[in-house]
Amino acid sequence: MSPPGVGPTMFTKKIATAEKWLLDLDDRTHRFFEAYTDSAPMRVLDVLSKLGDQPELRIIAFGLMIAGTFTGRARLVRAGARMIIAHEAATLAKSRVKTEIDRTRPRSARGRNEKKPRMGNRSAKEETSFPSGHSAGAIATARAFSREFPEYGIAVMGGAGLIAASQIARTAHYPTDVAVGAAIGLAAEAVTSRAWSAARVDERSTE
């Protein structure tokens, strides 16, 4: 149903205009960074972006849990646990979306039409650009960590944001991929945090 005061035709036009604007943004951004794909800064970003991969994020989370266990710091254990739970929730959510939507990655797109998201169920890496899994995982784990260590919240969220943004510069993802991935990460972490609070985990663990 269209919003009050907006007819179906006008509403459809507004949606089409928004879609075109977003696709233009994605296309222009890709073409801008494409010229720098082989530059030294991009090679540095390639290394940085690895911190947003699923194995690396899991290792960091489990590492915190192990370190906290051996040093007797319950807060570290809780932070690692929150991170792994939020990460897995975000990964599950973004994977579900990826199975429903096909989109050619910027570095593999041969034209503007291939940059459009479309319904489908392809599983090839270069055809599953939407949404950005790196962004979802990095944002979810950073937000989860900041629940236990709010004093480092700005730093870790900034780092996660840099990892997410690097996907655009590396032409691995479009801006809209990253934006939706980040939103998924925040939403997944928010849900798992509420479940954490409902389970009263903090009341059972002290520093």
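This is a predicted model: local features need pLDDT of at least 70, side-chain atom pairs count only at pLDDT 80 or more; totals for chains, interfaces and linings use all residues.
The protein chain holds 7 helices and 2 strands. From the N terminus, the order of elements is α-α-α-α-β-β-α-α-α. Along the principal axes, the C-alpha atoms fill a box of roughly 60 × 50 × 30 Å.

Helix packing is taken up next. Two packed helices are described by the angle between their axes and the distance between the axes. Helix H3 spans residues 54-71 and helix H4 spans 74-98. Their axes lie 7 Å apart, at an angle of about 160°. H3 is therefore roughly antiparallel to H4, since angles over 145 degrees fall in that class. The crossing of these two helices is left-handed. On the H3 side, the contact is made by Gln54, Leu57, Arg58, Ile60, Ala61, Phe62, Leu64, Met65, Gly68, Thr69 and Thr71. On the H4 side, the residues are Leu76, Val77, Gly80, Ala81, Met83, Ile84, His87, Glu88, Thr91 and Lys94. By class, this contact has 11 nonpolar, 7 polar and 3 charged residues.

A second pair joins helix H2 (residues 40-49) and helix H6 (residues 153-169). The axes come within 9 Å and cross at roughly 135°. That angle makes H2 oblique to H6. The crossing is left-handed. Met42, Leu45, Leu48 and Ser49 of H2 meet Leu162, Ile163, Ser166, Gln167 and Ala169 of H6. The contact of H2 with H6 comprises 6 nonpolar and 3 polar residues, with no charged residues.

H5 covers residues 133-148, and H7 covers residues 175-198. The two helices pack at an angle of about 35°, and their axes are 7 Å apart. H5 passes H7 in a right-handed crossing. H5 contributes Ser135, Ala136, Ile139, Ala140, Arg143, Ala144 and Arg147 to the contact. H7 contributes Val178, Gly181, Ala182, Ile184, Gly185, Leu186, Glu189, Ala190 and Ser193. The contact of H5 with H7 divides into 9 nonpolar, 4 polar and 3 charged residues.

The backbone has two features to note. Most residues other than glycine have a negative phi, and most peptide bonds are trans. The peptide bond from Phe130 to Pro131 is cis, with omega near -5°. Pro131 sits in the loop between strand E2 (118-119) and H5. Thr171 is not a glycine, yet has a positive phi of about 55°. This residue belongs to the loop between H6 and H7.

The largest share, 4 residues, comes from H4.

Methods:
Residues are numbered from 1 along each chain as its sequence is written. Side-chain values use heavy atoms; hydrogens and water are left out. Axes are lines fitted to C-alpha atoms, for helices over the stretch in contact, and angles run from 0 to 180 degrees between N-to-C directions. Angles under 35 degrees count as roughly parallel, over 145 as roughly antiparallel, 65 to 115 as roughly perpendicular and the rest as oblique. A crossing is left-handed if the near helix is turned anticlockwise from the far one by less than a right angle, and right-handed if clockwise. Contact means heavy atoms within 4.5 Å. Ala, Val, Leu, Ile, Met, Phe, Trp, Tyr, Cys and Pro count as nonpolar, Asp, Glu, Lys and Arg as charged, and the others, Gly among them, as polar.
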